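Hi everyone, thanks for coming. I'd like to walk you through one model today, so please have a look at the screen.

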Amino acid sequence: MEMIWCGTASLILREQGTVIAFDPFGKLPVHGFSKKIHHIPHEKEYREATDVFVTHGHFDHIYHIPQIYRDRRVRIYCTNAPAETLEKHGIPDMEIVKIAPGWSGDVGPFHITAYQGRHCKFDLPMVFEILRRPQAWRHFFYSLHLATMSLSYPENKEILLYEVKLYSRQTSREMPTVPPKGRPDGKGESEPKGALPEESTGIFGRRAKKATELSVGREPKVGADFRIQIMGSMNLDPNVTYPTGADVLVLPLQGRSDQDEYAVQFVERLRPKLVLLDHYDDAFPPISKDVDVSGFVRNVEERLRIPCRAMKEGEILLRES
């Protein structure tokens, strides 16, 4: 099986000829909203999908769906709020499959279940930090436009966490041994914040390396009942009983000034075997920014002894060699 992170909260899963996408979205440059069609990163990969799953209706999760699939028939699974938005922007009703928490279904070798989630609660220090950015004031009206996009792209508290179960059998391999806090030779610093260092072995394909010196044993098996949990936002519903012990948890890390501490609770609650981070990138400046994930990675690995690392855009993960 292959998993590709395409930036923001966008993922592609491939297995046995089946391709599914989650929240396909292309990064926006400053003044990136335009009636003119512009280049969407990873559009070719998105268009391979026959089935698209939406976690919620905010613009950074669905804005580019009408453009990507403008001349291609796909099934789009989402709740009522994003369904209404997509219909307003030209997606035919016949291509939308309205779902709700508790829904489950099969797409090729994938069995997908939807659970109720919650959106990240932005804190005041984060809001003030955004307001202090020179770029936000230099592009004031565009920043204001981004900030108010939730009105035309509402989520209405309809946030989904997806669990994807793979029905196929592959083999597992040992995690590569890597010296702590540096390159394979143990010298110098690791790659820039948020990047996966270069390495050519292991179930993660290229650029797989331990983020700290903690020993985590064997990697998860990519085989029968291999489970991936995909969070739509950095929060969980306190009233929902989620399955625990997934092989991989994909966690979006952006939205709070205290996220290095705040988000640890969700890993502790779900207890996955591995945490992969997304949504930490600067996808719609000047509101977003590149997040330093090192503090969160350290907290998860040292406190919970669960391996954690940031995905790198375009990297093929969970790949057979």
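Let me begin with a definition: two strands pair if DSSP finds at least two bridges between them. Strands themselves are DSSP runs of E with at least two residues, helices are runs of H or I with at least four residues, and both are numbered from the N terminus.

Now the ground rules. This is a predicted model, where local features need pLDDT of at least 70, side-chain atom pairs count only at pLDDT 80 or more, and totals for chains, interfaces and linings use all residues. Residues are numbered from 1 along each chain as its sequence is written, and side-chain values use heavy atoms, with hydrogens and water left out.

Seven strands make up an open sheet with mixed pairing, and their order is 6-5-4-3-2-1-14. At the edges sit strand 6 (96-98) and strand 14 (316-317), each of which pairs on one side only. Inside that order, strand 2 (residues 11-15) and strand 3 (residues 18-22) run antiparallel and are joined by five bridges. If you look along strand 3, you will find V19 opposite R14.

Stepping back to the whole chain, we have 11 helices and 14 strands. Of the 321 residues, 56% are buried; here buried means under 20% relative accessible area, exposed means over 50%, and partly exposed is in between, with a 1.4 Å probe and protein chains only. The chain exposes about 14,300 Å², and carbon and sulfur atoms supply 52% of that. Those areas come from the Shrake-Rupley method with a 1.4 Å probe, and for residues only the protein chains shown count as cover. A contact means heavy atoms within 4.5 Å. Among contacts with a separation of 6 or more, 72% are between residues 24 or more positions apart.

H42 is in the loop between strand 3 and helix 1 (43-46). Is H42 buried or exposed? H42 is buried, as its relative accessible area is 18%. Leaving out residues up to four places away in sequence, H42 touches C6, E313 and G314. From H42 to E313 the separation is 271 residues in sequence, yet 9.7 Å in space, C-alpha to C-alpha.

Next, charges. I'm calling something a salt bridge when a side-chain nitrogen of Lys or Arg is within 4 Å of a carboxyl oxygen of Asp or Glu. How many salt bridges does a search of the whole structure find? The search finds 11.

Let's go back to R14, whose side chain meets that of E2 in a salt bridge (3.1 Å, N to O). R14 is in strand 2 and E2 in strand 1 (residues 2-5), 12 residues apart, and the pair links distant parts of the chain. E2 counts as partly exposed, because its relative accessibility is 24%. E2 and R14 also belong to a network of salt bridges with E48.

A further pair is R70 with E43, at 2.9 Å, N to O. R70 is partly exposed at 48% relative accessible area, whereas E43, at 16%, counts as buried.

There is also K273 with D247, a salt bridge at 3.8 Å, N to O. K273 is in the loop between helix 10 (264-270) and strand 12 (275-278), and D247 is in the loop between strand 10 (226-231) and strand 11 (248-252), so the two tie together parts 26 residues apart in sequence. K273 is partly exposed at 44%, and D247 is buried at 9%.

Finally, the surface. L131, W137, F140, F141 and L144 form a nonpolar patch with about 580 Å² of accessible area together. Patches are made of residues with over 30% relative accessible area and no salt bridge, joining like charges within 9 Å and nonpolar side chains (Val, Leu, Ile, Met, Phe, Trp, Tyr) within 5 Å. Helix 7 (residues 140-147) supplies the largest share of this patch, three residues. W137 is in helix 6 (residues 134-138), and W137 is exposed, with a relative accessible area of 54%.

That's my tour, so over to you for discussion.
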